[in-house]
Structures are given as C-alpha cells and as structure tokens.
Amino acid sequence: MNKCKSLYNKFRNPNLQYRYSHVFLIYIFLFVFIVVMSIANEYFRDANNFRNIMDSSFPLMMAAFGQMIVILTGGIDLSIGGMITLANCLSVTIMTQMEGVGGALFAILATIVACSLCGAINGLFITKGRLPAIIVTIATEIIFNGIALFLMPAPGGAVNKEFAKFIGARYLGLPVSFFIMIILVILVRILTNRMPYGRALRAVGGNESAAYSTGISVWKVKFKAYVLAGFFCAIGGIYLSARMYSADPQIGTTYSMNSITASVVGGTLMTGAIGDVLGTVVGVFIIFIIYNVLNLLGVSSYYQYIAQGIILIFALIISSFESRHR
Amino acid sequence: MTTSNRVSIYAVSIKSKIKNAMVYILLVLMLLMAEIFSPGYLNLTHFMGILRLASFMGIAAIGQTFALLTGGIDLSISTTISFSYVLAAQVMMGQDSSILPALGCVLILGLIVGIINGAGICLLNIPPFIMTLGVGSIIRGAYMVFTKGAPKGSSAPLISAISNQTIFGNMYGIVIIWIVLAVITILLMKKTTYGRRIYAVGSNVKASKFSGINTRAIIFSVYIISAVVSAIMGYLLIGYTGMSYLHVGDNYSTNVIAAVIIGGTSIVGGKGGYLGSAAGAVMMTVLEDFLTIVNIPEAGRMMAQGALILLLLMMYAREKITRAC
C-alpha cells in the first residue's frame, strides 16, 4: 500500500512531469497514430511492415542520437549527413579491397575511427577555433561528402556476405537492428542522464559560463559531443552498407535535417540542456511511420520533402509553446 | 539652433581596416593570379563573362546579406531560386508575352516564402536557421511536386537576351540589373533609417527593442526581401540557361554564404554591408571558374569549397575569447 502511494507521489512530482511530459505525450501520440493507421490500412498492420520500418529507420536513429547529444550542448551538427555518407563509402571501399570477415572487422574499426575523427574536426573548429557551429558544420558536410565522392565516384562496391547476413538476420522475429537499438538506447540514456558527462552536457547546454564556473571544461564537453556524433554516424553508415550491399555517395543528403527533426519531435530543445533519448527514438519512428504511410497511400516520394519540413516546423512550434509556458 | 557636426566616434583599428579591405585585396590578388596562370583572363570579353556569372550570385547575395545583417541566416534561398526558376520557365513557355505574368507569379512565390519564413522566425520565435531549413525542404518538395520531376518550359527571348546578349559592346543586361540592384541595396542599407535599424537589430536586439524599433517588423521584412530577391534571381536565371532544369539553386546555397562572409558581413549580425558581398560574389565566381579550368574532379572541388569556407571563417568569424573556452 505504501509502495503504491510512494509511486503515485513520485508520479505527481512536478519535476518528473516537467522532465517527461513531452516524452510521455509523444509516446501516446505514436501509439494512437499506429493504432489508427493499423485500423485504416491493411498493409500497415503487417508485421513485416513494422520490421521494415525498424530496419530502415535505424541509420536515422543513430544520426538522431548523435545530433541529440550535440544539441544538448547547445550546438548543432549539420554535417551528420556527410559523415553517414563517408561512413557508408569508406566501409564499402575497405570491404571491397579486403576480403573475408577480417576485412569487415577492419572496415568497421576504420570507419568508426575515421568518423570520430571527422567529429573531432568539427569539435576543434567549433570549440578551439571559436567558430559558429552552423556554418562550420555546413562546410565540413561539403568536405565529408567530397571525401566520400572521392572514395566512391559512383554507387557500387561490394560488402562482405557474412557481415551483411548477420546484420540482416532476425532473431525471435525481431531484426538485429532492434537489439542494437535497445542496447544503444540504454547506453545513451545512462550516459546523458546518470553519468557525470551527461550532467556536464546539460550544464554546458544550459549556461556555458555557469558550467565553466563550476569547473566543467566546457570545450572538452563540446568536443566530446561532436566526436560522439561522428561515432554514431559511423554505426549508422556501417549499417547502411550492410543493408544496401553497396555504397552511394548521395545517401546522406536528408540525414542532417531529419536528425534535427527527430530530436526536436522527441522533445530536445534547440537551446540545449533538455532532451531525452527515449523521445528521440519516438521522433525517428514518427518520421518513418509518416513516410511509410505516405508510401502505402501511393503518394509520390516528392511529398516526403514537404513532409520533412512540415514535421520539423510543427515540432518547433509545439516546442516553442512548451518553452513559453515554462 | 546649431547642429553639431557629426563626428565619427568609432575608433577603427588598423587590424579591422585590413579586415574590411581584405576582400578587395584578395579579389585583386586572385584576378592577378588567374591572369598569370591563364593569360587572357582579364580580357574584357572574358571578364564580362565572369561578371555575368557573378551577377547571379551577387543578386542572391543581396537577400543573404540582409538576413545575416540581422543576425539570422536564410538557408531557403537555394530552393526558392530553384522553384522560381521552374515556375518562371513553366509560365513563360518561351513566349515574350508571358514575361509579366511569369514575373508576377515569381514575385508572389517570393512573398509567400518570405511571409512563411518571417512568421516562423518572428512570431513563433523559431531560430532562423532551422525555420529556413525546414521551409527550404518544403519548397524543395513543392517544386518537385509542381514539376513532377520533369521541368517544362523555356525562357522567353527577351529574358534570354538580358543574360546572353551584349549591349554597348561588351556589357550584359544582367550585369546592369545587378549594378542597379546593388546600388539600391547599398543606399537602402547605409542611407535610410530602415537600413540603420537593420544594423541596430543585428547588433543588439534587446537594445533596439527598448529604443523603440519594431524588431519584429524589421526581421520579418528582411526575410521577405530575401525571398523576393531570390525569386527574382531565379526568374533571371532561366534567361541564362534557356531550358528548365531541377535543383539549379543548390549551387547557390553555400557559395553565397561564403561570398557574404568574405565580404565582411559578420555572422552574428550588425556589421558589414553589401559592397563586400558583391566583391565576395565576384571572388567566389572567379574561384569556381578557376577550379573548372584546372579540371579538378567534383570530389576535389567539394573538398576545396568546404576547406575554403573554413579558412574564411577562421579569418573572419572567430568569436571573442571568453572565460568559458
């Protein structure tokens, strides 16, 4: 009885509501949305459809995780698309040159290192170079896309078969991407909510000078955030290589904006400090389910651009209302 | 009542004087280098061709300069250019008689885009770069849907003549249009109250608001100007190429930002002006032309472009050293 009461009191805690109200609301929205769509469209209900959604949304999920971490520090990373493209092209290039599982493992390692390095370049220019994040990341996106284009002038390449099979496999009826996602969600949540680094992230996002005064090394926190963004893009790009069995130097164009959209829909505030991985996950799912529905309704894929923009602006409007009431 | 002489109270150090003049110095250096590497570059006919290319970038830079001066940015310029390009082509259909209707359509498009941008940024307090990014994506989808992937139409002969036929010997009509627009822009920015208010809002929004400036109206109007001018630029661009293509504006997004930054306009707003952006536009055109001549593949060109922007940022846009660094 007491346990119920304390649980109830915890629920009524205004701090909890403040922190999780947005996430709670979008989970409800997602649930209602899925239920309505499942009733309305027979193709949507298919279990295979959900697996497809999970599979195809995984790269964006990774991009959105990286983007969320950067936004938490109050910055922005528009080069996410470029890093995913680079990861894709680099991993496929290496796997084409080196045969066997060893080649695949080396490709994974090299891609992770390379993309983290790209993130480090971003971080260096933004923190030590004292340059504005928006334009730095716009410029680095062009550079990373250029490197990717240099590695892979045209779509193609080959991917190690065992590796691709492992990534595409299903265990217990769920795709591998689902398990990787669960693990990473748990890890990122622990990082951003429990670990000192996560606290430092939010402190820097909230008030930089106050964070500095508390002894947090602001530049290191921001720098690590951009490196993490690169790391997540590497995972997303490697996954893309496995799923597509090839590389495409144009693959990453929509990821930058979509990752921002997913983060904002998920309750991450652009001003920083506030945001939750669970929300970002829902944000990615909402975007992909909307794409899926548009596809199933036979709507031309050109409308996806319009949908992207509208979702983003809508999410920003809701976000601005929330901040105002705070 | 005597009016005291207005004395400039700015103490402009040598360093910032060099910074302001940097774009012109760089431009001259670059032209000299181009002449050395490929003699005949500064030939009047050739140079007029360069100016012709640069006028398009220069007109696009008008809107971006306005947006950057208020401390914002307009990332929807490239897609607005693309949309007005295909819209103008479709309405004109190669007929001289449809020039004015096409212009009207394009102006309406610019107004709509500008109003949407302005509404989001001013009324809903959405950060400019995200708002324009989202609107840019919507515009991209809109023109893809509008053309159904296959752009139709072509330029009217008169509009083509503006960009392609020389008058008075070597001058192109588009260059004259650019010069006229440039003069109007510079006068607007430096000599009118409106321009002064733009600089004020860019320097310090709160102070401007407390000084009685209607910051919302200023920022709103800036994005309307940006969208309308970009739409006009797309309208003129169809004259240059004749046929209708998709995604023509994509080339103008980062290059225009780079041109405006080289020109001395500060990212955070309040400093700079259009004259520098115009010179920056010429410089970016010469650079692109140079890269084409030297025959670097697309990948190398992209890397060079990105590296150039970073280099420019390191020279121009470094923020002050604060404690938290």
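1. In this predicted model, helix 4 (residues 47-72) of chain A and helix 14 of chain A pack at an angle of about 135 degrees, with their axes 8 Å apart; the axes are lines fitted to C-alpha atoms, for helices over the stretch in contact, and angles run from 0 to 180 degrees between N-to-C directions. That angle makes helix 4 of chain A oblique to helix 14 of chain A, given that angles under 35 degrees count as roughly parallel, over 145 as roughly antiparallel, 65 to 115 as roughly perpendicular and the rest as oblique. Helices here are DSSP runs (H or I, at least four residues), numbered from the N terminus.

2. The residues that helix 4 of chain A brings to this contact include Ile53(A), Leu60(A) and Phe65(A), while those from helix 14 of chain A include Val281(A), Phe285(A) and Ile289(A); residues are in contact if their C-beta atoms, placed from the backbone, lie within 7 Å. By class, the residues of this contact divide into 12 nonpolar, six polar and no charged, where Ala, Val, Leu, Ile, Met, Phe, Trp, Tyr, Cys and Pro count as nonpolar, Asp, Glu, Lys and Arg as charged, and the others, Gly among them, as polar.

3. Just after helix 3 of chain B, Met93(B) takes a positive phi of about 50 degrees.

4. The contact between the chains takes 40 residues from chain B and 40 residues from chain A. On the side of chain B that touches chain A, helix 5 of chain B gives the most, with 13 residues, and the residues of that side divide into 26 nonpolar, nine polar and five charged.

5. Residues are numbered from 1 along each chain as its sequence is written, and chains are lettered from A in the order in which they are written. Local features need pLDDT of at least 70 and side-chain atom pairs count only at pLDDT 80 or more, whereas totals for chains, interfaces and linings use all residues.

Note on methods: Helices (H or I, at least four residues) and strands (E, at least two) are DSSP runs, numbered from the N terminus. Two residues are in contact if their C-beta atoms, placed from the backbone, lie within 7 Å.
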